[in-house]
Structure formats: C-alpha cells, structure tokens
Amino acid sequence: MTAISLMTEPKVPEEHAIDSDWWRGAVIYQIYPRSFQDQNGDGIGDLVGITSRLDYVADLGVDAIWLSPVFTSPMKDFGYDVSDYRGIDPSFGTLEDFDRLVQKAHSLGLKVIIDQVISHSSDKHAWFAESRQNRTNARADWYVWADPRPDGTPPNNWLSIFGGSAWHWDSRRMQYYLHNFLVAQPDLNFHNPDVQDALLGDMRFWLERGVDGFRLDTVNFYFHSTGLESNPVVKPEDFNASTAPAVNPYNFQEHLYDKSRPENLDFLKRIRAMMDEYPGKTTVGEIGDSQHQLEVMAQYTSGDERLHMAYTFDFLGGEFSAPHFRKAIAAAEAAAPDGWICLAFSNHDVVRHVSRWAVHGQEDAFTRLAVTLLLAMRGSVCLYQGEELGLKEAELAFEDLVDPYGIEFWPQFKGRDGCRTPMVWQAHAANGAFSTANRTWLPVPAEHLVHAVDTQDKVDGSVLEFYRAMLQFRRAHPTLVKGSIRLLDAPGNVLAFVREAGAERLLCVFNMGETATEFVVPADLVPHDAGCPGVTAAPIDGELDLEPFGSYIGVL
C-alpha cells in the first residue's frame, strides 16, 4: 500500500508577504523632481540625482515617496502637461534611470508613488495633434470640443483655474476646446470609453514597471456635464478661496457642471478594479472643490471600490486654529466615517506652511507643534521636501518667476515658485549642493542655506532631528497610524482628541496659539508620559499647562 502524504501550500516568508493595507496611515515624502538633486549639472533635478539621495529619505523614517510628474512634457506647467504618458522627459533622464530609482527605493523599504495627470494632456500630445485636425478623425472626440454661441463667444461661462475662460478657439475645427488649466492643457473627454481604456493602459504600463501607486492629479476634474450648462454664481456665505487664490475670479462660481460629476464614480471603479489586480498598490486622489470637497471625498473613498484615499485643501489653506481644525476633522469623520484621508500642510502647489501660519519670532516652536499635530491626526500623511528642515516660502523677484500661474496673477498672488526652489543639502556649497550649474532653474534662496541638511543632520535639537524623532514615535505607536479619533471639548485655541486602537489609547492635546494656556483633562482620563519628543507639559491635579505652541501626548 502506497503511503499518501498530505502536502500543504508553502508558506510565504514573512518578509515577502504583501501588506495590502500599508498605505493606511503611511507617511509619504513628496519629491519635486526638478528641485531635489541635479546630477548632470544642467540646473534641473533628475532621476539619477533623486536615486543618489534616497538613503536620506529612508533615514527620515517615512514609508514611501511620491514623485511629481517625470513624464515627457513641454514643461509649460512643469510636467503637469504630459505629451507622452509612457516616456520619461529627457530633462529627468531615461526609463532605465526610472527603473533603477524604483529598485533602489524598494531596496531601502520605500514604496514609490507617481503622479498621474490624466484629466488633461499637453497640447503637444499625439492624441490632441490628431484630434484638432478636423471633426471626423479617429480621435475627434477624445477631447472636449464645443461649437461657439451664435455670436462667436464660448459655449458657457466656465473659467480656467489659471485665469480667463476655460475655452480656447481652434481655427482648424472652428470650435472651442476645454482647458480647466493652461490653454496648453486641453481636457480629455472621459465620456469616451476609448479615452478611459487608453489612460488605464498607460497606468498599467507603470504598474508593470513596479510602481506602488498613483497620486491622481485633479481627480474630480475628469468629467464635465455634456449639457455644457453655465455654472451658477457662488453664494456669498459659500465663498471659499481654498482651491484657488482669493484674487482669482474662478472662486466666484459654484463649479457644478465643469467638475465633480457623478459619472466619475464609475471610472474610479475601473481604476480600483485594475489596481486590485496588483496586490499592495494604492491610489490617493487630489480633490479641489471648495464647496463640495468633503462630500466628494466621501464618495471617492468610502468602501473598497474606488480610491484608497484622497486629500482636500482643508489643511493646505485655511487658518491654523483649533476651531478650524476641529471643524474639519469632525466634518471629515461625519462625511466619510469609513473613508480615508491623506493629510498634508505643504506641497508643490501652496505656500509653505511655516510662512503661511507661523507667528513671527515663534517659527521654531510652531514648526515642531505642526509636525507633532500632523503625525497625530487620523489619516495618512504627506511631507513635502524641505519641510523637515523648517524651510519657509522663498521670496523671488518677478524676473525669476517661471510659474505661469504666478506670472498671471502677480503681485497679489506670486504663484508656486516660492515652494519649489531647490533642496539645500550643504550650507557652504555652490547652490546648496543641489547642482554644479552656474544657474539653476529657480534660484537657491540664501536664507535657506542656513537650514541645509548638513547644518542639522545629527545635531541635537534641530528641526530635522525632531522630524526623525516624531516619525519614529509615530511608528512605535500603531494607534497613531491606524487608530480611531475622538474629539474632546477644549477651550479657545486648544485642540484635543483621543486616538485609540486595540488596547492602546493616547490623549493628544495641542495649543495652537501664541500664548500659554491650560487644558483640564476630563476626569475619566488619566494620562501618563508617552515619551513624545518635545513634550514638556505634564498633568498636575488634572490640568495641563501648555506653553505657546506646546503639545502633549500621553498614554491612557
């Protein structure tokens, strides 16, 4: 009689197991490629340069990097105008350079998320070159075309975020095409399934190359109303300048018909279905909708059929105050209790948060409070390159500007160049050791050099070391990574909440004001020291004395 052995499936080694939930609570470091490290000396950052600096990023203690676009582009909007979704722009390097970057990042335990800009392409994309030739070609309806009104004016009142009408006349077709951003960024027509298929194919190309996810630029702009109805005037009580600067007439409309359309939900399902074919991949959507952003975020992230997470402009604008944060947190929890938010105070589109929010003379205390708060809130976190050095917004002369947004609305709005200046690595090296070029694409601010990495690395008390310590503290407390959040009543400019996961509970209290204050700990809470970096306060007789921009995190 032959013996029969019962064979079991081989167990996947733990180090190779795929954590499909890694993104939930992850800390993502955003790299703006033009400004991180220039390896070839042309004054523009590149992929080989980024790869050479990945050890620094890994040493911070983050989980992933997010690369702003590196695709082939005429650079009218510095990469956010893509002319080839499968190519690397020569200014950044080659596909082989990209592959080596991904390989190096993965060897360091870093995930790689890339920017996917699909609501619009460059007007130099081959698709648009064909589409604009006539009204009968194979890609005639791959973009949003419309006839003029009888008097020759645009079909409706839609506005571009970058100023003026969102419609541009094209003499070949004798029609207008839609551009929500620059004239050189025509909007793709997502009502055409062939367009969806082509864009999903381009995303699959990068998944096959090993990327770990996508940051989806302007994710609520994909669809427009085919009725081309004019947008209504925004109600005075709903006026909100979080998506566009206050000087921009774009804010005068409630954008009901040119974005955030219900048809988008089905396309997001298609994206998620594709992502689910690749275990452990993620999506984070950028939602720009001043009046409806929480509603949209809830729709886009609830359940497991659409986006994994999304970020709004609640904390990339607005005020730094406990009432504002409390309201935003409560609204997000109420609107999307099973959704997941991605939190950021700074990125490539907004004034750096130290300049936006800090009180003069108290920048250091503010910077430490801000990152402690950011890493204690519920959600995943994006850190923007240089914020770990405490960098402020650079003040640039008009002649140094390259951002078309700033050039259009100068001087009341100076554009986005001030947050995009090159990273500073060495205080006493030319261009802060960013580049050996005589002239860099944006100047290296002299005031940034004193904050360079080499002045802070391994220096006790530096902002850089504080960021590293806070990231280590967060990682040591899974409650901060994936736990729930419960807001507490607090006076004035104090924000307080409890984070909880499993058996661990943490009391988090923040004085978001420039004067000392007190917080009375609820009688049912008895916190103990958690060893949080920078915390000096301790409860005495149930009261916390908080210094200006002071914080407290204790174990309950």
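**Figure 1. Cysteine 382 and its closest cysteine sulfur in the predicted model.** Cysteine 382 counts as buried, at 4% relative accessibility. The cysteine sulfur closest to that of cysteine 382 belongs to cysteine 342, at 3.5 Å. A disulfide is a covalent bond between the sulfur atoms of two cysteines. The cut-off for such a pair is 2.5 Å, and the sulfur atoms of cysteine 382 and cysteine 342 are therefore too far apart for a bond.

**Figure 2. Cysteine 419, a buried cysteine.** The relative accessible area of cysteine 419 is 0%. For the sulfur of cysteine 419, the closest cysteine sulfur is in cysteine 382, at 14 Å, which is too far for a bond. By the distance rule, the count of disulfides comes to zero.

**Figure 3. The largest nonpolar core.** This core has 145 residues. Those that touch the most other members are Tyr29, Tyr56, Phe98 and Phe325. Helix α10 (residues 363–376) supplies the largest share of the core, with eight residues. Another core, of 17 residues, lies apart from it; among its members are Trp22, Trp23, Phe313 and Leu316. In soluble globular proteins, nonpolar side chains tend to be buried together.

**Figure 4. Surroundings of phenylalanine 325.** Phenylalanine 325 is one of the residues that touch the most other members of the largest nonpolar core.

**Figure 5. Alanine 298 in helix α7.** Helix α7 spans residues 293–301 and contains alanine 298. Alanine 298 is buried, and its relative accessible area is 10%. When residues up to four places away in sequence are not counted, alanine 298 touches Ala335 and Ala336. Alanine 310 is twelve residues from alanine 298 along the chain, and the C-alpha atoms of the two are separated by 9.1 Å.

**Figure 6. The hairpin of strands β7 and β8.** Strand β7 (residues 167–170) pairs with strand β8 (residues 175–178) in the antiparallel sense, over four bridges. Aspartate 170 has glutamine 175, in β8, as its bridge partner. Four residues lie between the strands of this hairpin. Methionine 174 in the hairpin takes a positive phi near 55°.

How values were computed. Residues numbered from 1 in each chain as written. Predicted model: local features only at pLDDT ≥ 70, side-chain atom pairs only at ≥ 80, totals over all residues. Heavy atoms only, no water. Core = buried A, V, L, I, M, F, W, Y, C linked by side-chain atoms within 4.5 Å. Buried < 20%, exposed > 50% of the residue type's maximum accessible area, 1.4 Å probe, protein only. Helix = DSSP H or I, 4+ residues; strand = E, 2+ residues; numbered from the N terminus. Contact = heavy atoms within 4.5 Å. Pairing = 2+ DSSP bridges.
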